[in-house]
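This tour is intended to be followed with the structure open in a viewer. Please make each selection as it is named and then read what is found there.

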Amino acid sequence: MARIWSVLPEARLVGGCVRDLLCGRALHDFDLAAPEVPDVVLRILKQAGIRAVPTGLEHGTVTAVVNRVPYEITTLRRDAQTDGRHAVVEWTSDWAEDAARRDFTINAMSLDQHDCLHDYFGGQEDLTAGRVRFVGNAGQRIEEDALRALRFFRFEARYGAGLPDHAALTAITERASLVASLSVERVASELLRILAGPDVVRIIRLMHEAGVWAQCGPVEDAGFDVLTGVGATEAGLRCGLPAGVTFLEALLRSGAPAQALLRLRALCGEWSEVLARHLKLSNAEKQHLKLLGESSPDLLPTMDDDAVRRARFVQDMTVLLERSWLLQAQCLGSVSAEWDGLRKRLADMPQPVFPLSGRDAREAGIEPGPSMGVWLRTGQAWWLEQGCRPDRDACLVYLRAKA
(Lines give C-alpha, C1' and ligand atoms only; values in the text may rest on other atoms or scores of the structure.)
Protein backbone atom coordinates (compact mmCIF):
# COMPACT_ATOMS: atom_id res chain seq x y z
CA MET A 1 0.00 0.00 0.00
CA ALA A 2 2.85 2.37 0.79
CA ARG A 3 4.25 1.84 -2.68
CA ILE A 4 0.90 2.53 -4.37
CA TRP A 5 0.24 5.58 -2.18
CA SER A 6 3.68 6.95 -3.04
CA VAL A 7 2.53 7.43 -6.66
CA LEU A 8 -1.25 7.75 -6.15
CA PRO A 9 -1.43 9.76 -2.92
CA GLU A 10 -5.15 10.57 -3.27
CA ALA A 11 -6.17 6.92 -3.60
CA ARG A 12 -8.23 5.37 -0.80
CA LEU A 13 -9.14 1.89 0.32
CA VAL A 14 -12.85 1.42 -0.36
CA GLY A 15 -15.73 -0.97 0.13
CA GLY A 16 -15.40 -4.38 1.71
CA CYS A 17 -11.81 -4.09 2.87
CA VAL A 18 -12.63 -0.94 4.89
CA ARG A 19 -15.71 -2.64 6.35
CA ASP A 20 -13.72 -5.70 7.36
CA LEU A 21 -10.85 -3.64 8.80
CA LEU A 22 -13.37 -1.97 11.09
CA CYS A 23 -14.75 -5.41 12.05
CA GLY A 24 -11.30 -6.81 12.72
CA ARG A 25 -11.76 -9.47 10.04
CA ALA A 26 -9.05 -10.86 7.80
CA LEU A 27 -8.69 -9.09 4.45
CA HIS A 28 -8.74 -11.10 1.24
CA ASP A 29 -9.16 -8.35 -1.36
CA PHE A 30 -7.67 -4.88 -1.54
CA ASP A 31 -9.88 -2.47 -3.48
CA LEU A 32 -9.00 1.17 -3.97
CA ALA A 33 -10.56 4.16 -5.67
CA ALA A 34 -8.74 7.12 -7.13
CA PRO A 35 -9.76 10.41 -8.78
CA GLU A 36 -7.37 9.85 -11.70
CA VAL A 37 -8.89 8.42 -14.90
CA PRO A 38 -7.89 4.84 -15.87
CA ASP A 39 -5.35 5.76 -18.57
CA VAL A 40 -3.56 8.07 -16.15
CA VAL A 41 -3.56 5.39 -13.42
CA LEU A 42 -2.02 2.92 -15.88
CA ARG A 43 0.66 5.38 -16.94
CA ILE A 44 1.57 6.38 -13.38
CA LEU A 45 1.88 2.80 -12.21
CA LYS A 46 3.98 1.73 -15.18
CA GLN A 47 6.29 4.71 -14.80
CA ALA A 48 6.82 3.71 -11.18
CA GLY A 49 7.76 0.18 -12.23
CA ILE A 50 4.57 -1.32 -10.81
CA ARG A 51 2.94 -4.00 -12.90
CA ALA A 52 -0.42 -2.68 -14.10
CA VAL A 53 -3.13 -4.77 -15.77
CA PRO A 54 -6.15 -3.12 -17.50
CA THR A 55 -8.65 -5.59 -16.02
CA GLY A 56 -11.80 -3.52 -16.58
CA LEU A 57 -11.12 -0.23 -18.29
CA GLU A 58 -14.74 0.21 -19.36
CA HIS A 59 -15.62 0.24 -15.66
CA GLY A 60 -12.55 2.25 -14.74
CA THR A 61 -10.60 -0.59 -13.12
CA VAL A 62 -6.85 -1.18 -13.26
CA THR A 63 -5.14 -3.89 -11.21
CA ALA A 64 -1.76 -3.10 -9.68
CA VAL A 65 0.34 -6.12 -8.72
CA VAL A 66 2.86 -5.59 -5.92
CA ASN A 67 4.79 -8.55 -4.51
CA ARG A 68 2.34 -10.81 -6.40
CA VAL A 69 -0.63 -9.34 -4.51
CA PRO A 70 -3.35 -7.72 -6.69
CA TYR A 71 -4.80 -4.32 -5.80
CA GLU A 72 -7.81 -3.20 -7.83
CA ILE A 73 -7.84 0.56 -8.42
CA THR A 74 -11.06 2.02 -9.83
CA THR A 75 -11.60 5.59 -10.96
CA LEU A 76 -14.29 7.49 -9.05
CA ARG A 77 -17.60 7.04 -10.88
CA ARG A 78 -21.19 8.09 -11.06
CA ASP A 79 -24.01 6.22 -12.79
CA ALA A 80 -25.11 8.04 -15.93
CA GLN A 81 -27.68 5.37 -16.85
CA THR A 82 -28.93 2.07 -15.39
CA ASP A 83 -31.39 -0.58 -16.60
CA GLY A 84 -31.63 -2.77 -13.53
CA ARG A 85 -28.78 -5.01 -14.65
CA HIS A 86 -26.01 -2.83 -16.12
CA ALA A 87 -24.85 0.72 -15.51
CA VAL A 88 -23.26 3.25 -17.85
CA VAL A 89 -20.73 5.15 -15.76
CA GLU A 90 -19.00 8.51 -16.01
CA TRP A 91 -15.81 9.54 -14.22
CA THR A 92 -16.00 12.02 -11.37
CA SER A 93 -13.64 13.57 -8.84
CA ASP A 94 -16.30 13.71 -6.13
CA TRP A 95 -15.78 11.05 -3.46
CA ALA A 96 -19.27 11.47 -2.01
CA GLU A 97 -20.78 11.02 -5.46
CA ASP A 98 -18.86 7.78 -5.92
CA ALA A 99 -19.93 6.54 -2.48
CA ALA A 100 -23.57 7.36 -3.28
CA ARG A 101 -23.66 4.75 -6.07
CA ARG A 102 -22.70 1.89 -3.75
CA ASP A 103 -25.22 -0.58 -2.40
CA PHE A 104 -25.04 -0.47 1.42
CA THR A 105 -23.76 2.11 3.87
CA ILE A 106 -21.29 -0.41 5.34
CA ASN A 107 -19.76 -0.77 1.85
CA ALA A 108 -19.65 2.97 1.11
CA MET A 109 -16.81 3.99 3.42
CA SER A 110 -13.26 4.83 2.35
CA LEU A 111 -9.93 5.08 4.17
CA ASP A 112 -7.02 7.28 3.07
CA GLN A 113 -3.31 6.78 3.66
CA HIS A 114 -3.45 8.95 6.78
CA ASP A 115 -5.89 6.53 8.47
CA CYS A 116 -8.74 8.99 8.07
CA LEU A 117 -12.11 7.28 7.63
CA HIS A 118 -14.49 8.96 5.18
CA ASP A 119 -18.06 7.92 5.95
CA TYR A 120 -20.73 9.88 4.08
CA PHE A 121 -23.79 7.78 4.98
CA GLY A 122 -23.32 6.50 8.53
CA GLY A 123 -21.76 3.19 7.60
CA GLN A 124 -19.62 2.90 10.71
CA GLU A 125 -22.63 3.42 12.97
CA ASP A 126 -24.63 0.86 10.99
CA LEU A 127 -21.76 -1.63 11.19
CA THR A 128 -21.55 -1.24 14.97
CA ALA A 129 -25.33 -1.62 15.28
CA GLY A 130 -25.45 -4.68 13.00
CA ARG A 131 -27.68 -2.89 10.53
CA VAL A 132 -27.52 -3.53 6.77
CA ARG A 133 -29.02 -0.43 5.17
CA PHE A 134 -29.11 0.71 1.56
CA VAL A 135 -27.38 3.94 0.61
CA GLY A 136 -30.07 6.57 0.04
CA ASN A 137 -33.39 5.35 -1.33
CA ALA A 138 -33.58 1.55 -1.04
CA GLY A 139 -36.06 1.16 -3.90
CA GLN A 140 -33.89 3.21 -6.25
CA ARG A 141 -30.80 1.16 -5.38
CA ILE A 142 -32.64 -2.07 -6.23
CA GLU A 143 -34.05 -0.68 -9.47
CA GLU A 144 -30.51 0.30 -10.49
CA ASP A 145 -29.37 -3.31 -10.04
CA ALA A 146 -31.81 -6.00 -8.91
CA LEU A 147 -28.93 -8.19 -7.74
CA ARG A 148 -28.74 -5.91 -4.71
CA ALA A 149 -31.92 -7.57 -3.44
CA LEU A 150 -29.98 -10.84 -3.16
CA ARG A 151 -26.84 -9.13 -1.88
CA PHE A 152 -28.86 -7.66 0.98
CA PHE A 153 -29.54 -11.16 2.35
CA ARG A 154 -25.89 -12.21 2.02
CA PHE A 155 -24.70 -9.16 3.96
CA GLU A 156 -27.53 -9.45 6.47
CA ALA A 157 -26.31 -12.96 7.28
CA ARG A 158 -22.74 -11.79 7.86
CA TYR A 159 -23.16 -8.36 9.43
CA GLY A 160 -26.77 -8.06 10.55
CA ALA A 161 -27.90 -8.24 14.17
CA GLY A 162 -31.43 -8.07 15.48
CA LEU A 163 -34.32 -7.26 13.17
CA PRO A 164 -33.47 -6.54 9.52
CA ASP A 165 -33.77 -2.96 8.29
CA HIS A 166 -37.48 -2.35 7.68
CA ALA A 167 -37.01 0.05 4.75
CA ALA A 168 -34.70 -2.41 3.01
CA LEU A 169 -37.03 -5.40 3.41
CA THR A 170 -40.06 -3.37 2.31
CA ALA A 171 -38.28 -2.16 -0.84
CA ILE A 172 -37.08 -5.67 -1.66
CA THR A 173 -40.53 -7.18 -1.14
CA GLU A 174 -42.14 -4.60 -3.40
CA ARG A 175 -39.54 -5.25 -6.14
CA ALA A 176 -38.92 -8.98 -5.71
CA SER A 177 -40.06 -9.69 -9.27
CA LEU A 178 -37.04 -7.76 -10.59
CA VAL A 179 -34.81 -10.65 -9.50
CA ALA A 180 -36.31 -12.75 -12.31
CA SER A 181 -34.86 -10.27 -14.84
CA LEU A 182 -31.29 -11.06 -13.78
CA SER A 183 -29.13 -13.57 -15.60
CA VAL A 184 -29.32 -16.97 -13.93
CA GLU A 185 -25.52 -16.97 -13.64
CA ARG A 186 -25.59 -13.86 -11.42
CA VAL A 187 -28.40 -15.31 -9.33
CA ALA A 188 -26.54 -18.61 -8.95
CA SER A 189 -23.37 -16.88 -7.79
CA GLU A 190 -25.18 -14.96 -5.05
CA LEU A 191 -27.39 -17.87 -4.03
CA LEU A 192 -24.45 -20.23 -3.56
CA ARG A 193 -22.64 -17.63 -1.45
CA ILE A 194 -25.75 -17.21 0.70
CA LEU A 195 -26.04 -20.97 1.15
CA ALA A 196 -22.39 -21.25 2.19
CA GLY A 197 -22.72 -18.37 4.65
CA PRO A 198 -23.80 -18.02 8.26
CA ASP A 199 -27.35 -17.90 9.63
CA VAL A 200 -28.58 -19.63 6.49
CA VAL A 201 -31.94 -20.89 7.81
CA ARG A 202 -33.06 -17.44 8.97
CA ILE A 203 -31.87 -15.85 5.75
CA ILE A 204 -33.63 -18.35 3.48
CA ARG A 205 -36.85 -17.80 5.41
CA LEU A 206 -36.44 -14.02 5.08
CA MET A 207 -35.95 -14.46 1.33
CA HIS A 208 -39.09 -16.58 1.18
CA GLU A 209 -41.17 -14.06 3.14
CA ALA A 210 -39.95 -11.22 0.90
CA GLY A 211 -40.90 -13.17 -2.23
CA VAL A 212 -37.30 -13.35 -3.45
CA TRP A 213 -36.75 -17.09 -3.07
CA ALA A 214 -39.60 -17.80 -5.50
CA GLN A 215 -37.82 -15.66 -8.12
CA CYS A 216 -34.60 -17.67 -7.96
CA GLY A 217 -35.93 -20.73 -9.78
CA PRO A 218 -38.79 -23.20 -10.30
CA VAL A 219 -38.41 -25.01 -6.97
CA GLU A 220 -41.56 -23.73 -5.27
CA ASP A 221 -43.63 -24.42 -8.36
CA ALA A 222 -42.52 -28.03 -8.02
CA GLY A 223 -44.06 -28.40 -4.58
CA PHE A 224 -41.11 -27.53 -2.37
CA ASP A 225 -41.98 -25.87 0.94
CA VAL A 226 -39.13 -23.60 2.03
CA LEU A 227 -40.60 -23.18 5.50
CA THR A 228 -40.39 -26.88 6.33
CA GLY A 229 -37.58 -27.89 4.01
CA VAL A 230 -39.54 -30.84 2.64
CA GLY A 231 -40.44 -31.57 -0.96
CA ALA A 232 -43.67 -33.40 -1.72
CA THR A 233 -41.78 -36.59 -2.60
CA GLU A 234 -39.34 -36.39 0.31
CA ALA A 235 -41.54 -36.18 3.40
CA GLY A 236 -39.88 -39.36 4.66
CA LEU A 237 -36.63 -37.49 5.18
CA ARG A 238 -38.04 -36.02 8.38
CA CYS A 239 -38.74 -39.42 9.86
CA GLY A 240 -37.36 -39.45 13.39
CA LEU A 241 -36.66 -35.72 13.55
CA PRO A 242 -38.22 -33.59 16.33
CA ALA A 243 -41.36 -31.75 15.25
CA GLY A 244 -40.66 -28.41 13.61
CA VAL A 245 -37.02 -29.18 12.81
CA THR A 246 -36.25 -28.85 9.13
CA PHE A 247 -33.80 -31.11 7.38
CA LEU A 248 -31.45 -28.15 6.79
CA GLU A 249 -31.56 -27.26 10.48
CA ALA A 250 -30.82 -30.88 11.32
CA LEU A 251 -27.82 -30.77 9.00
CA LEU A 252 -26.51 -27.64 10.71
CA ARG A 253 -27.06 -29.13 14.17
CA SER A 254 -25.05 -32.16 13.09
CA GLY A 255 -22.02 -29.92 12.57
CA ALA A 256 -21.80 -30.34 8.80
CA PRO A 257 -19.36 -28.09 6.91
CA ALA A 258 -20.64 -24.92 5.24
CA GLN A 259 -20.78 -26.36 1.72
CA ALA A 260 -23.28 -24.64 -0.59
CA LEU A 261 -24.25 -27.73 -2.62
CA LEU A 262 -24.58 -29.88 0.49
CA ARG A 263 -26.93 -27.33 2.05
CA LEU A 264 -28.85 -26.95 -1.19
CA ARG A 265 -29.44 -30.70 -1.30
CA ALA A 266 -30.65 -30.68 2.32
CA LEU A 267 -32.90 -27.69 1.67
CA CYS A 268 -34.46 -28.77 -1.62
CA GLY A 269 -33.93 -32.52 -1.82
CA GLU A 270 -34.37 -33.87 -5.34
CA TRP A 271 -35.57 -30.46 -6.51
CA SER A 272 -32.05 -29.13 -6.00
CA GLU A 273 -31.28 -30.84 -9.32
CA VAL A 274 -34.12 -28.92 -10.99
CA LEU A 275 -32.79 -25.67 -9.55
CA ALA A 276 -29.24 -26.54 -10.63
CA ARG A 277 -30.36 -26.95 -14.24
CA HIS A 278 -32.34 -23.71 -14.13
CA LEU A 279 -29.37 -21.77 -12.71
CA LYS A 280 -27.01 -23.33 -15.26
CA LEU A 281 -24.62 -24.67 -12.66
CA SER A 282 -21.60 -26.47 -14.05
CA ASN A 283 -21.91 -30.10 -15.11
CA ALA A 284 -19.68 -31.05 -12.18
CA GLU A 285 -21.98 -29.23 -9.73
CA LYS A 286 -25.10 -30.82 -11.21
CA GLN A 287 -23.51 -34.28 -11.03
CA HIS A 288 -22.42 -33.62 -7.46
CA LEU A 289 -25.97 -32.75 -6.41
CA LYS A 290 -27.27 -35.89 -8.10
CA LEU A 291 -24.73 -38.10 -6.32
CA LEU A 292 -25.64 -36.58 -2.97
CA GLY A 293 -29.10 -38.05 -3.47
CA GLU A 294 -27.84 -41.58 -4.15
CA SER A 295 -28.64 -44.31 -1.63
CA SER A 296 -25.64 -46.45 -2.56
CA PRO A 297 -23.11 -47.29 -1.28
CA ASP A 298 -24.52 -47.76 2.20
CA LEU A 299 -22.94 -45.60 4.90
CA LEU A 300 -23.29 -46.54 8.57
CA PRO A 301 -21.03 -46.01 11.59
CA THR A 302 -21.10 -49.79 12.13
CA MET A 303 -19.53 -50.57 8.73
CA ASP A 304 -16.60 -52.99 8.83
CA ASP A 305 -13.33 -52.23 7.05
CA ASP A 306 -14.31 -54.23 3.96
CA ALA A 307 -17.45 -52.11 3.54
CA VAL A 308 -15.44 -48.91 4.05
CA ARG A 309 -12.98 -50.00 1.35
CA ARG A 310 -15.84 -50.82 -1.04
CA ALA A 311 -17.39 -47.40 -0.45
CA ARG A 312 -14.06 -45.68 -1.06
CA PHE A 313 -13.69 -47.52 -4.36
CA VAL A 314 -17.15 -46.91 -5.80
CA GLN A 315 -17.66 -43.27 -4.82
CA ASP A 316 -15.59 -40.09 -4.64
CA MET A 317 -14.38 -39.23 -1.14
CA THR A 318 -15.96 -35.75 -1.16
CA VAL A 319 -19.37 -37.21 -2.05
CA LEU A 320 -19.03 -39.94 0.57
CA LEU A 321 -18.28 -37.46 3.33
CA GLU A 322 -21.12 -35.11 2.34
CA ARG A 323 -23.58 -38.03 2.04
CA SER A 324 -22.54 -39.08 5.54
CA TRP A 325 -23.57 -35.66 6.86
CA LEU A 326 -26.96 -35.93 5.15
CA LEU A 327 -27.50 -39.40 6.61
CA GLN A 328 -26.43 -38.25 10.06
CA ALA A 329 -28.88 -35.35 9.84
CA GLN A 330 -31.61 -37.75 8.73
CA CYS A 331 -30.94 -40.27 11.50
CA LEU A 332 -30.02 -37.99 14.41
CA GLY A 333 -30.04 -34.29 13.61
CA SER A 334 -27.26 -33.74 16.16
CA VAL A 335 -23.52 -34.18 16.63
CA SER A 336 -22.34 -37.78 16.79
CA ALA A 337 -19.00 -39.29 17.75
CA GLU A 338 -19.96 -42.46 15.87
CA TRP A 339 -20.55 -40.65 12.58
CA ASP A 340 -17.38 -38.61 13.11
CA GLY A 341 -15.57 -41.90 13.57
CA LEU A 342 -16.91 -43.21 10.28
CA ARG A 343 -15.71 -40.08 8.45
CA LYS A 344 -12.26 -40.48 9.99
CA ARG A 345 -12.13 -44.12 8.90
CA LEU A 346 -13.15 -43.12 5.37
CA ALA A 347 -10.47 -40.40 5.27
CA ASP A 348 -7.75 -42.63 6.72
CA MET A 349 -8.48 -45.63 4.48
CA PRO A 350 -6.02 -45.81 1.55
CA GLN A 351 -7.72 -45.50 -1.83
CA PRO A 352 -8.35 -49.05 -3.14
CA VAL A 353 -7.18 -49.71 -6.70
CA PHE A 354 -8.39 -52.71 -8.67
CA PRO A 355 -5.16 -54.63 -9.46
CA LEU A 356 -6.03 -55.91 -12.96
CA SER A 357 -5.89 -54.08 -16.28
CA GLY A 358 -6.36 -54.72 -19.98
CA ARG A 359 -2.74 -55.84 -20.16
CA ASP A 360 -3.44 -58.60 -17.63
CA ALA A 361 -6.41 -59.68 -19.71
CA ARG A 362 -4.30 -59.89 -22.87
CA GLU A 363 -1.64 -61.92 -21.06
CA ALA A 364 -4.41 -64.26 -19.88
CA GLY A 365 -5.39 -64.83 -23.52
CA ILE A 366 -8.49 -62.59 -23.58
CA GLU A 367 -8.97 -60.85 -26.91
CA PRO A 368 -9.68 -57.10 -26.89
CA GLY A 369 -13.38 -56.33 -27.17
CA PRO A 370 -16.56 -57.12 -25.20
CA SER A 371 -15.11 -60.34 -23.77
CA MET A 372 -12.24 -58.39 -22.18
CA GLY A 373 -14.72 -56.05 -20.50
CA VAL A 374 -16.71 -58.99 -19.15
CA TRP A 375 -13.49 -60.61 -17.85
CA LEU A 376 -12.43 -57.46 -16.01
CA ARG A 377 -15.90 -56.75 -14.60
CA THR A 378 -16.17 -60.32 -13.32
CA GLY A 379 -12.85 -60.01 -11.55
CA GLN A 380 -13.72 -56.60 -10.13
CA ALA A 381 -17.08 -57.81 -8.80
CA TRP A 382 -15.34 -60.66 -6.94
CA TRP A 383 -12.61 -58.30 -5.68
CA LEU A 384 -15.29 -55.94 -4.30
CA GLU A 385 -17.09 -58.83 -2.59
CA GLN A 386 -13.81 -59.65 -0.87
CA GLY A 387 -13.53 -56.11 0.49
CA CYS A 388 -11.01 -54.94 -2.14
CA ARG A 389 -8.31 -57.02 -0.40
CA PRO A 390 -7.15 -59.60 -3.00
CA ASP A 391 -3.97 -58.67 -4.89
CA ARG A 392 -3.27 -59.15 -8.59
CA ASP A 393 -2.23 -62.78 -8.27
CA ALA A 394 -5.29 -63.71 -6.22
CA CYS A 395 -7.60 -62.06 -8.78
CA LEU A 396 -5.93 -63.98 -11.61
CA VAL A 397 -6.28 -67.27 -9.71
CA TYR A 398 -9.99 -66.59 -9.22
CA LEU A 399 -10.54 -65.75 -12.89
CA ARG A 400 -8.65 -68.84 -14.11
CA ALA A 401 -10.80 -70.99 -11.83
CA LYS A 402 -13.87 -69.20 -13.08
CA ALA A 403 -12.92 -69.91 -16.68
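Two strands pair if DSSP finds at least two bridges between them. Helices (H or I, at least four residues) and strands (E, at least two) are DSSP runs, numbered from the N terminus. The model is a predicted one, in which local features need pLDDT of at least 70 and side-chain atom pairs count only at pLDDT 80 or more, while totals for chains, interfaces and linings use all residues. Residues are numbered from 1 along each chain as its sequence is written, and side-chain values use heavy atoms, with hydrogens and water left out.

**First stop: the sheet**

Select the strands of the open sheet, whose 7 members follow the order S3-S4-S5-S2-S1-S8-S9 with mixed pairing. Strand S3 (51-56) and strand S9 (117-118) are its edges, each pairing on one side only.

Next, display S4 and S5, which run antiparallel and are joined by 6 bridges. Ala64 stands opposite Tyr71 in S5. In the hairpin of these two strands, S4 and S5, there are 2 residues between the strands, and Asn67 takes a positive phi near 55°.

Move on to S2, which pairs with S5 in the parallel sense over 5 bridges. Leu32 has Ile73 in S5 as its bridge partner, and Asp31 has Glu72 in S5. Arg12 stands opposite Ala33 in S2.

**Third stop: aromatic rings**

Rings of Phe, Tyr and Trp (its six-membered ring) pair if their centres lie within 6.5 Å; planes under 30 degrees apart count as stacked, over 60 as edge-to-face and the rest as tilted. By this rule there are 11 aromatic pairs. Show Phe30 and Tyr71, a tilted pair with 5.3 Å centre to centre and 40° between the planes. Phe30 lies in strand S2 (residues 30-34) and Tyr71 in strand S5 (residues 69-75), so this pair ties together parts that are 41 residues apart in sequence.

Are these two residues buried, exposed or partly exposed? Buried means under 20% relative accessible area, exposed over 50% and partly exposed in between (1.4 Å probe, protein chains only). Phe30, at 23% relative accessibility, counts as partly exposed, whereas Tyr71 is buried, with a relative accessible area of 10%.

Now select Phe134 and Phe152, a stacked pair with 6.1 Å centre to centre and 15° between the planes. Phe134 is in the loop between helix H5 (123-129) and helix H6 (138-144), and Phe152 is in helix H7 (residues 147-159), 18 residues apart. Phe134 is buried at 2% relative accessibility, and Phe152 is buried at 0%. To show the aromatic cluster around them, select Phe104, Phe134, Phe152, Phe153, Phe155 and Tyr159.

**Fourth stop: charges over rings**

A charge sits over a ring if NZ of Lys or CZ of Arg is within 6 Å of the ring centre and within 35 degrees of the ring normal. The charged end of Arg12 sits over the ring of Trp95, 3.9 Å from its centre. At Trp325, the charged end of Arg343 sits over the ring, 3.3 Å from the centre.

Select helix H19 (residues 370-385), and then its buried residues, which are Met372, Trp375, Leu376, Gly379, Trp382, Trp383 and Leu384. What covers them includes helix H15 (305-314), helix H18 (358-363) and helix H20 (392-402). Just after H19, Gly387 takes a positive phi of about 75°.

Finally, select Asp391, in the loop between H19 and H20. Asp391 counts as partly exposed, at 46% relative accessibility. Its C-alpha atom is separated by 54 Å from that of Thr55, 336 residues apart along the chain.

Notes
Contact means heavy atoms within 4.5 Å.
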